[in-house]
Amino acid sequence: MSLVDFSHLLKIFGGHTATPEEKETLFKESLLLTLSRATSADTNIDPAEVDTVKAVIERITGDSVDPADIRVAAASALYESAPLNDYLKKAGRSLEIEQRVAIVTALADIIRSDSDIRGAEVDFFNSVYDALNVTPAQLAGLMPNKP
């Protein structure tokens, strides 16, 4: 999976509206960026977290990701242009609620993966949760049936 250029995320951030075909790639880029960034949220990139990111991305998307790409994404130059939350707010408008919930749920798995949860990680989780505009009910799986 070669998503570390984050081209779709950058297009959305620049004002582009995602086509239905682009939404899946946007989801994968948002997932990779968020989960990778979580590995360094507490300034301590734990190998267990990188392994968990790799496994979670493969489970959710079916795509393989190289641990080196996870480390590159964790330190992406993208963060120099704008905070992750700004990218996620824009991307979230194009993502389905199920995709946004998947990102937040996967993030919780990553944070729990090294069994040492720090305050910075909790703050990071809360900021992603807010940026993706996920409600507690949606996170709990309480979504109304579509008509």
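This is a predicted model: local features need pLDDT of at least 70, side-chain atom pairs count only at pLDDT 80 or more; totals for chains, interfaces and linings use all residues.

Q: At what angle do α3 and α4 pack, and how far apart are their axes?
A: Helix α3, residues 47-61, packs against helix α4, residues 67-74, at an angle of about 110°. Their axes are 10 Å apart. Angles from 65 to 115 degrees count as roughly perpendicular, and α3 and α4 are therefore roughly perpendicular to each other.

Q: Which residues make that contact?
A: On the α3 side they are Pro47, Val50, Val53 and Lys54. Helix α4 contributes Pro67, Ile70 and Arg71.

Q: What about the loop between α3 and α4; where does Asp66 lie?
A: Asp66 lies in that loop. Its relative accessibility is 41%, so Asp66 counts as partly exposed.

Q: Changing topic: how many aromatic pairs does a search of the whole structure find?
A: The search finds 2 aromatic pairs. In one of them, the ring centres of Phe13 and Tyr87 are 4.4 Å apart and the ring planes are at 40°, so this pair is tilted.

Q: Which helices hold Phe13 and Tyr87?
A: Phe13 is in helix α1, residues 7-13, and Tyr87 is in helix α6, residues 84-92. The two residues are 74 residues apart, and their pair links distant parts of the chain.

Q: Then what is the geometry of Phe125 and Tyr129?
A: The ring centres of Phe125 and Tyr129 are 6.3 Å apart, with the planes at 25°, so the pair is stacked. Both residues belong to helix α8, residues 119-131, and because they are 4 residues apart there, about one helical turn separates them. Phe125 and Tyr129 are both buried.

Q: Back to Phe13: which residue lies over the face of its ring?
A: Lys90 lies over the face of Phe13, at 5.6 Å from the ring centre.

Q: Let us move to α7. Where is Val104 placed, and what does it contact?
A: Val104 is in helix α7. Apart from neighbours within four places in sequence, Val104 is in contact with Phe125, Val128, Tyr129, Leu132, Val134 and Leu139. Phe125 and Tyr129 of the stacked pair are thus among the contacts of Val104.

Q: How accessible is Val104?
A: Val104 has a relative accessible area of 1% and is buried. Its C-alpha lies 12 Å from that of Leu33, a residue 71 places away in sequence.

Q: What about Val101: buried or exposed?
A: Val101, in helix α7, is buried at a relative accessible area of 10%. Leaving aside neighbours within four places in sequence, Val101 is in contact with Val134, Gln138 and Leu139. The C-alpha atoms of Val101 and Val128 are 11 Å apart, and the two are 27 residues apart in sequence.

Q: Which residues does Gln99 touch?
A: Gln99 is found in helix α7, residues 97-112. Not counting residues up to four places away in sequence, Gln99 touches Lys23, Glu24 and Phe27. At 11% relative accessibility, Gln99 counts as buried.

Q: How does Glu98 stand, buried or partly exposed?
A: Glu98 is found in helix α7 and is partly exposed, with a relative accessible area of 39%.

Q: Where is Asn133 found, and how accessible is it?
A: Asn133 is found in the loop between α8 and α9. Its relative accessibility is 56%, so Asn133 counts as exposed.

Key. Residues are numbered from 1 along each chain as its sequence is written. Side-chain values use heavy atoms; hydrogens and water are left out. Axes are lines fitted to C-alpha atoms, for helices over the stretch in contact, and angles run from 0 to 180 degrees between N-to-C directions. Angles under 35 degrees count as roughly parallel, over 145 as roughly antiparallel, 65 to 115 as roughly perpendicular and the rest as oblique. Contact means heavy atoms within 4.5 Å. Buried means under 20% relative accessible area, exposed over 50%, partly exposed in between (1.4 Å probe, protein chains only). Rings of Phe, Tyr and Trp (its six-membered ring) pair if their centres lie within 6.5 Å; planes under 30 degrees apart count as stacked, over 60 as edge-to-face and the rest as tilted. A charge sits over a ring if NZ of Lys or CZ of Arg is within 6 Å of the ring centre and within 35 degrees of the ring normal.
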